[in-house]
Amino acid sequence: MDTESTHSGYSYHSSRSGRSNRHGDRSRERHKASSKDSVRSERSVIINPPDSPSQESPVHNGEPLPGEPSPAAEHGDDAQDDNWGETTTAVTGTSELSISQEDVVGLGKEIQDRTQGFRRFLPLAVGLCVGLLVVATPLVFLLLPVVMWPDRLQACGAACEGLFLSISFKLLILLVAIWALFLRQGRAGLPRVCVYRAFLTTLTLLLTMSYWLFYGVRILDAQDEDYHGIVQFAVSLVDSQLFVHYLAVVLLELRHLQPCYSVCVMRSTDGETRHYSIGQLSVQKAALSILEFYYRDFSLHNPALLSASKHRAAKHLAGLKVYNVDAPGSTAGAQPSNGNQSRAMVTAAGKRKDSAHSELYYEEADYERRVRKRRARLVVAVEEAFTHVRRMKKEDERATPSDIMDVREAALAIFPSMARSLQKYLRTTRRQHCHSMESIQKHLAFCLINNMSPKAFLEAYLAPGPTLQYGPERWMADQWTLVSEASVTGGIKEGTEFLLKCLDFSLAVTIKSIPYIRLTEEYIDPKSHKFILLLQSETSV
């Protein structure tokens, strides 16, 4: 309803006098404006004390609050205004408890960060709890009979001591194996639970609970006196846990090592493509492996390089002008001339479209010429700076220790001589946002400390490197989204396709199975390679 306010407050009913119609018109205009502004503004709530006196009954969204007398009950049904929906006025205000939209967004982001942290450390906590249960259960099996009925136990002598030694080393090996395989921080946060990890955790808990059930029924209730049998029971539990860990190594670490599929990864913006070989993995695990390959092999995504083609397309569209020759203000005599002018403009636009490839050719040629020019100036400036550093280094060898300049101070001293050329080159290649002055100085000091050549210093700037070469602010590691029609927990197969979306681009992934290769052998007799060379004693002159 456009006649009701979206804010809560007090409402008053006007009487059926002659001024109610004028008041209704003003309230409708006021509420239309407030309904439009309420989408952008914050919602305000007015809270009144229970014992605060009021002349009229409070109304919430046009309806009386529970427990309060309504105007209809006070004045009767005849006193009810026929146009009550148009004459209802809501008095709103701003409360100290109002929450702005920015506060709501910040609260949602804080909750999301806490949820991501919880999901990040949840597998580690579950693995720690399961590992402690696995290691502690055999020890508890051995200690409970000694604590509860020590006088009735039968001594087993050297046999039990040998079993104690065996179970000690097995538990130590199992503890190290659990730490190496399960108690490590995850590399990434996956959208779903890993099926194999959930299966192994369930199997481990089921095995431990089964042993506990058997131990409680056959040993604790009966208070078995054969301590040698109890020790063998604990040893069998440790052996079973070792076999479960071996199964975990096979499923989690060895199964996917053999290549089975060829993966084609294409970036949506510039079409850069890479091909990789992976094994039997789920969709989410394959996406994680592909992202690791992406950060290692793909060059840094640079949106500034794509602005040239967009500017060219916008320039071409701006050259097209359309004239309305049938406009109401145009005269009959002017229409033929306007029509001829419009046809001439369309013809000129068509010719410009035909010459677009020439414009592109000359633009690329001019861009390459400017890049070569800036690159030559940069190379000369860097070589001169490094030559100056080597000369100063030879002079420092003859100087006193107090006058020797530190390598970092030398880097700061020679950086201004190459800063202008490097800045112009990075602006020409549209990569100035990828390198900060602090990172350049740090890289220069690293090259001087390790006695690198000028070419080694320039290699990081002359060609775009992989994403991991730059700072963490360029990685966008927490902004990936997996889009897949197939279940992300299911295994990949022939023809599987999914998308890895980021802010400015996406990675299209296509799975192809490696074909079955059949090799045949062809035997070649070694004697078939023998031949005879006949030399004549007389030769022609």
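Me: Which ground rules apply here?
Reply: The model is predicted, so local features need pLDDT of at least 70 and side-chain atom pairs count only at pLDDT 80 or more, while totals for chains, interfaces and linings use all residues. Residues are numbered from 1 along each chain as its sequence is written, and side-chain values use heavy atoms, with hydrogens and water left out.

Me: How many disulfides are there by the rule used?
Reply: In general, a disulfide is a covalent bond between the sulfur atoms of two cysteines. The rule takes a pair of cysteine sulfur atoms within 2.5 Å, and the count is 1. Cys156 and Cys160 make the pair, with sulfurs 1.4 Å apart. The torsion about their S-S bond is about -130°, so the disulfide is left-handed.

Me: Is Cys160 buried or exposed?
Reply: Buried means under 20% relative accessible area, exposed over 50%, and partly exposed in between (1.4 Å probe, protein chains only). Cys160 is buried because its relative accessible area is 2%, whereas Cys156, at 22%, is partly exposed.

Me: Which residues gather in the patch of positive charge?
Reply: A patch takes residues with over 30% relative accessible area and no salt bridge, joining like charges within 9 Å; a salt bridge is a side-chain nitrogen of Lys or Arg within 4 Å of a carboxyl oxygen of Asp or Glu. Here Lys373, Arg377, Arg420, Lys424 and Arg427 gather on the surface.

Me: Which helix gives the most to the positive patch?
Reply: Helices are DSSP runs (H or I, at least four residues), numbered from the N terminus. α12 gives the most, with 3 residues. Arg427 lies in α12 and counts as exposed because its relative accessibility is 53%.

Conventions: Patch = residues over 30% accessible without salt bridge, like charges linked within 9 Å, V, L, I, M, F, W, Y side chains within 5 Å. Areas by Shrake-Rupley, 256 points an atom, 1.4 Å probe, with all protein chains shown as cover. Lys, Arg positive; Asp, Glu negative; His and termini not counted. Charge placed at Lys NZ, Arg CZ, Asp CG, Glu CD. Helix = DSSP H or I, 4+ residues; strand = E, 2+ residues; numbered from the N terminus.
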